[in-house]
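Here are my notes on the model you sent over.

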Amino acid sequence: MRKVALITGGSRGIGAACVRLFAESGYAAVFLYRSSDEKAHALVEELRGKGLDAACRRCDVADGKQVRETVADILRLYHHIDVLVNNAGVAHIGLLTDMSETDWNTVFDTNVGGVFHVTQAVLPGMISRQQGSIVNVSSMWGEAGASCEVAYSAAKAAVIGFTKALAKEIGPSGVRVNCVSPGLIDTDMNAELDENALRELADETPLGRIGTAAEVARAVLCLAGDGASFITGQVLGVSGGLQI
Ligand code: NAP
């Protein structure tokens, strides 16, 4: 039976790299996205054109009702979900003193609420089948804290706490929960960083460069699969050795 991976935020960046890699690795790769219809459908077409199994649904992970309906729809079609990658996220750069409550809520509703909604919708099926694997995408800033990214850092720290606690709660069901903690990765999320800032961060990184979305996807696939069958509740840094 073909394994099914549900990936949130699969239209761009790290999520799109995960969709490609999981589909190329034999999974049916189903992904959620917020608004990039064109990119999402182009990715599905690209993968189907190679004979791979991929599908997408437009779904705001911050909206619990939308998530429950969308996951139910996916389960009607695919019957089971073996791997969940909670990747969808948004950043916010600016001083905490300037931050509006709306922006604060958007960061938390997406990065933390999204993980809660999608996990809660997918978990009952995994628990009843006594198998499944969840990989959450946090950030090195969730571990270290970043100036001018207080809300983002706090939200990503919450994702780490969520991972560790849920791993203990559902370990007896045979379902694993882990987390990747990427460093600086070349995606749209960093489009605002100028060349100097990017070069400085690359220089501070032991491997001397920023990472690619495909490199994070490989770490996610590794944690998701049977090769990691005795690994749960862990946070894997994917940062080229950068430890701030
Ligand atoms: P990105 O290129 O900006 O892509 C974000 C993805 O999330 C898009 O597919 C977007 O969909 C989706 N998304 C955003 N809000 C959503 C919502 N409410 N509902 C559903 N989908 C939503 O970001 P990225 O750099 O690939 O980041 C992916 C994850 O890695 C995030 O959790 C981020 O915090 C984390 N991360 C990134 C870095 C980095 O340096 N890039 C480092 C550490 C951690 P649309 O295309 O439809 O907007």
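1. The ligand has 31 residues around it, of which Ser11, Ser35, Ser36, Tyr152 and Thr187 come nearest (a residue counts as near if one of its heavy atoms lies within 4 Å). This is a predicted model: local features need pLDDT of at least 70 and side-chain atom pairs count only at pLDDT 80 or more, while totals for chains, interfaces and linings use all residues. Residues are numbered from 1 along each chain as its sequence is written, and side-chain values use heavy atoms, with hydrogens and water left out.

2. Polar contacts (pairs of N or O atoms within 3.5 Å) are worth a look. A ligand oxygen lies 2.8 Å from a polar backbone atom of isoleucine 14, and a ligand oxygen is 2.7 Å from a polar backbone atom of asparagine 87. For lysine 156, an N or O atom of the side chain is 2.8 Å from an oxygen of the ligand.

3. On its own the ligand has 890 Å² of accessible area, and the protein covers 97% of that (Shrake-Rupley method, 1.4 Å probe). Two or more residues of the shell come from each of α1 (13–24) and α6 (150–170), with helices taken as DSSP runs of H or I, at least four residues, and strands as runs of E, at least two.

4. Overall, the protein has eight helices and seven strands. Its C-alpha atoms fill a box of roughly 50 × 40 × 35 Å along the principal axes.

How values were computed
A polar contact is a pair of N or O atoms within 3.5 Å; within protein, one must be able to donate a hydrogen and the other to accept it, and residues adjacent in sequence count only if both atoms are side-chain atoms.
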